[in-house]
Amino acid sequence: MSDLSAFDAKLDRLVARHAELSALMSDPVRSGEFVKLAKEYSELSPIVESINQLRRVQAEQAELETLAQGEDAEMRKLAESELDAVRKRLLALDEGVKTLLLPKDEADEKNAILEVRAGTGGEEAALFAASLFRMYQRYAALKGWRFEVIEISETGLGGCKEAIAEIAGRNVFQRLKFESGVHRVQRVPETEGSGRIHTSAATVAVLPEAEEVDIKIEDKDLRIDVFRSSGPGGQSVNTTDSAVRITHLPTGLVVSQQDEKSQHKNKAKAMKVLRARLYERERQAKESARAASRKSQVGTGDRSERIRTYNFPQGRVSDHRVNLTLYKIDQVMDGEALDQFIDALLAEDRAAKLAEAE
C-alpha cells in the first residue's frame with residue numbers, strides 16, 4: 001500500500017469511528033460509558049470536519065481535471081483557470097488535517113508553574129528577573145488567566161532572586177512552554193555612572209501543573225523540615241516554625257516555602273511546586289526518548305540554552321530559536337507583543353513535527 005493510500009485509509013477509519021461513536025452515544029445500553037464516548041467524539045469532531053472538507057475539495061479537483069481534458073474548449077479553459085486555486089486550497093487543507101493528526105502534548109491544556117530566577121549579573125540580573133516576572137503577569141492578565149504568586153525572594157532594591165507563580169487558564173502551558181530557558185538582557189544599569197552597557201541573565205522555567213493523579217508521591221519518599229520564616233537580611237519574620245522545606249529523597253529535589261503564616265498552607269504550596277517539577281522531569285524524559293533524533297531545539301526547555309536577548313539601548317528583542325527580532329521592547333515587556341514570539345515558536349514546532357511525521 002502506498003503512503004498516500006495508507007493516509008487515505010487512516011482518514012477513512014477516523015470518519016468511520018466518528019460515526020460509530022455517534023451511534024454508541026445514542027445506545028441506552030452504553031449509557032454508563034457516555035462521558036468517555038462523548039469525549040472521544042468531541043476530540044474527533046474537528047478532525048472529521050476537516051477530512052470531509054478535504055474530500056469535497058478533492059472531488060472538486062477531480063471534476064475540474066476531467067473537464068480540463070474534455071473536448072469543449074470553453075469548458076477546458078474555465079476548468080484550467082479554476083484548477084490552480086483549488087490545488088492551493090487542497091494543499092492547505094491537507095496540511096491542516098495532518099496538523100490535527102499530530103500527537104498532542106498531553107500537558108498543553110494544563111495550568112503552569114512559572115519559575116523565574118536571577119542568573120549572572122548581580123543586582124542587575126535580579127532587577128531583570130523581576131521585570132520578566134512582571135511581563136508574564138501582564139501577559140496573563142491580557143489572556144484573562146489567573147496569576148497567583150506562590151513565592152518571591154526580593155532583594156530590597158526592586159529586584160528578585162527568585163519568583164514562583166501559578167498561572168491558571170485555558171491552554172496556559174501550551175502558550176508558555178517555550179519560554180523555558182536563559183533570557184539575556186543588555187542595558188545600562190541605573191547605578192552605572194559611565195553609561196556602559198551591562199549583560200546579565202535570568203532563567204525561566206515553565207512547568208505543567210500536575211494533579212495528584214498525574215504524579216503519585218509516597219510519604220516515605222519525603223523528608224519535611226520546618227523552620228522559622230526569614231526576610232531580607234535573615235531577620236525572623238515569624239515567631240512560629242511555619243516555613244517548610246520538602247526534600248524528595250529519590251530525586252534529591254528540594255522545595256522551600258515560607259510566604260504563608262500557616263505551616264499547612266506552606267506545605268500545600270511546596271507540594272504543588274514539587275509535583276510540577278517531578279511531572280516535568282518525567283515528561284521531559286519521555287519527550288527526549290521519543291524525539292532523540294529531532295534536530296530542532298524548539299521546545300526542549302533546556303535551561304542552559306540562551307533563547308532570547310533583550311537589548312534596551314537598541315529597543316529590540318531577539319528570539320534565537322526562530323531568528324525573530326522585534327523592535328518593540330516596551331510592548332514585549334508589557335506582555336502585549338509576546339504573542340508574536342509565541343506564535344512563531346508554535347508554528348516552528350508544528351512544522352518540525354509535520355516534517356518528522358512524513
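A residue counts as buried when its relative accessible area is under 20%, as exposed over 50%, and as partly exposed in between (1.4 Å probe, protein chains only). Strands are DSSP runs of E with at least two residues, numbered from the N terminus. The model is predicted, so local features need pLDDT of at least 70 and side-chain atom pairs count only at pLDDT 80 or more, while totals for chains, interfaces and linings use all residues. Residues are numbered from 1 along each chain as its sequence is written, and side-chain values use heavy atoms, with hydrogens and water left out.

Start with strand β7, residues 243-248. Five of its six residues are buried, which leaves the strand mostly covered. Two strands pair if DSSP finds at least two bridges between them. With β6 (residues 222-227), β7 makes six bridges in the antiparallel sense. Within this pairing, Asp-225 stands opposite Arg-245 of β7, and Val-226 is opposite Val-244.

β7 also pairs with β8 (residues 253-257), again antiparallel, over five bridges. Here Ile-246 has Val-255 in β8 as its bridge partner. The two strands form a hairpin with four residues between them, and Gly-252 in the turn has a positive phi of about 80°.

Together the three strands form an open antiparallel sheet in the order β6-β7-β8. Because β6 and β8 stand at the edges and each has a single partner strand, one side of each is left without a neighbour in the sheet. From one strand to the next the twist averages 15°, taken between axes that are lines fitted to C-alpha atoms, with angles running from 0 to 180 degrees between N-to-C directions.
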